[in-house]
Amino acid sequence: MKALSAVARREIRRICSRPVYLVGMLLVPLFMAFFFLSLLGEGLLRRVPVAIVDLDHSQISRRITRQLDATELCDITCHKESYSQAMDAVQRGEIFGFFVIPAEFESKALANRAPTLTFYSNLTYYVPGTLIYKGFKTLAVTTSGQLVQQDLVSKGASNRAAGLILQPMVLDNHPMGNPYLNYSYYLSSSFLPGILQLMIFLMTAFSITQEIKRSTSVEWLATAGNRIGTALVGKLLPQTVIFYILGLGMNALMFGFHHFPENSPWWHMALGMLLFVIASQSFSVVVCSVIPNPRLALSVVSLTGILAFSVAAFSFPVQAMYGWIAIFADLLPVRWYFLIYIDQALNGVALYYSRLYYAALLGFPIAATLCAPLMKRALKDPVYVP
């Protein structure tokens with residue numbers, strides 16, 4: 001116990017003596033947490049700037065303009081007189097799309113001559129482009145239905161009968177897990193643990209390989225009584241406490257202040273966060289044991305942490321991935337933590353059914369224990385290769 005506390009005190013002095021630990025362990029994760037939660041504070045981007053090109057200037061075209069401006073997705077910031085002017089505004093970045101009402105639209109609509117409504121959205125910016133595409137398409141379909149209903153009523157059909165002809169079946173939609181269709185519920189809940197994992201990877205690998213680089217690993221091991229388990233636990237324990245408190249703070253921001261769904265007891269996610277932090281540290285220990293070189297170890301953990309955003313199944317199911325990529329996804333701690341979040345926070349299932357995900361996180365420290373002899377060998381004979 002004395003050796004463990006001596007190593008922990010030594011690590012605390014190292015953390016306090018170098019600003020890089022403050023930046024990597026506190027400032028970067030906190031900044032990213034507040035950035036994402038404030039960026040998606042409303043849950044969905046609203047009122048995206050668009051333009052209207054009204055070449056008809058009729059009663060129906062003015063009604064379409066008012067309806068488009070009244071939608072929550074589109075904000076008509078300018079009126080253009082031609083396609084060229086609107087396209088120039090898109091290319092300058094002033095708007096993200098525009099809606100074109102052709103000349104003689106009203107006369108053709110009333111004469112049943114099938115006029116064409118055209119809309120353009122800039123999908124170079126995927127999220128705003130997709131949102132205004134949805135708004136434009138909804139308005140076009142609604143306008144078409146209104147014209148058909150108006151024609152049916154003029155031919156003697158009642159409003160109710162015309163409505164049943166246009167929409168003979170009513171859809172009752174119930175989104176599961178995210179009934180509010182809040183983007184932040186799945187973006188922030190995946191990005192923030194991913195960023196936390198990346199910083200844990202980097203700071204753990206940095207703190208271990210710096211001992212090898214500066215040839216202080218022999219002193220570190222001697223402080224631990226030449227026991228590699230005591231050396232690793234004592235060194236990583238202060239970082240574990242800091243990252244765990246930081247992770248609990250992120251959960252408090254999401255579940256407490258931003259009211260993310262939490263359909264399970266709070267300690268289910270707290271336990272998952274603790275195992276997630278330890279698993280992420282253990283992953284870096286394994287990498288540093290196999291590659292005891294600062295440059296290569298940091299490159300491997302940073303590349304792995306970045307790729308986790310793409311292959312940890314946040315937005316693409318593992319079942320549809322190529323086999324070897326799916327295996328790589330299972331080697332990432334954030335993958336198992338995200339599954340715990342889905343089961344516990346979103347779906348509120350019994351803890352028993354998530355036991356395999358918790359057990360998977362426990363597998364990482366077991367792997368680090370098996371690699372400890374390699375780490376001890378590198379610490380006893382530090383060789384720095386630039």
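## Exercises on a predicted chain

The buried residues of helix H13 (residues 323-330) are Ile325, Ala326 and Ala329. Buried means under 20% relative accessible area, exposed over 50%, and partly exposed in between, with a 1.4 Å probe and protein chains only. Helices are DSSP runs of H or I with at least four residues, strands are E runs of at least two, and both are numbered from the N terminus.

This is a predicted model, where local features need pLDDT of at least 70, side-chain atom pairs count only at pLDDT 80 or more, and totals for chains, interfaces and linings use all residues. Residues are numbered from 1 along each chain as its sequence is written, and side-chain values use heavy atoms, with hydrogens and water left out.

**Exercise 1. Work out how the buried residues of H13 are arranged around its axis, and what they pack against.**

Step 1. Look down the axis of H13: the buried residues fall within an arc of 100°, so they line one face of the helix. The arc is that of the directions from the helix axis to the C-beta atoms.
Step 2. Recall the helix rule: an α-helix has 3.6 residues a turn, so residues three or four places apart point the same way.
Step 3. Turn to the other side of H13. Gly323, Trp324 and Ile327 are exposed there.
Step 4. Find the partners. The buried residues of H13 pack against helix H12 (294-311) and helix H14 (333-346). Contact means heavy atoms within 4.5 Å.

**Exercise 2. Locate Glu104 and His259, and state the phi and the exposure of each.**

Step 1. Take Glu104. Its place is in the loop between strand E3 (97-101) and helix H5 (105-110).
Step 2. Phi of Glu104 is near 60°, a positive value in a residue that is not glycine.
Step 3. Check its surface. Glu104 has 46% relative accessibility, so it counts as partly exposed.
Step 4. Take His259. This residue sits in the loop between helix H10 (228-257) and helix H11 (266-290).
Step 5. Phi of His259 is near 60°, again positive in a residue other than glycine. His259 counts as exposed because its relative accessibility is 57%.

**Exercise 3. Describe the chain as a whole.**

Step 1. Count the elements: the chain has 16 helices and four strands.
Step 2. The C-alpha atoms fill a box of roughly 95 × 45 × 40 Å along the principal axes.
Step 3. Compare with a globule. The chain has a radius of gyration of 29 Å, while a compact globule of 386 residues would have one near 21 Å. The radius is taken over C-alpha atoms, and the globule rule is 2.2 Å times the number of residues to the power 0.38.
Step 4. Buried residues make up 45% of the 386 residues.
Step 5. Of the contacts with a separation of 6 or more, 75% join residues 24 or more positions apart.
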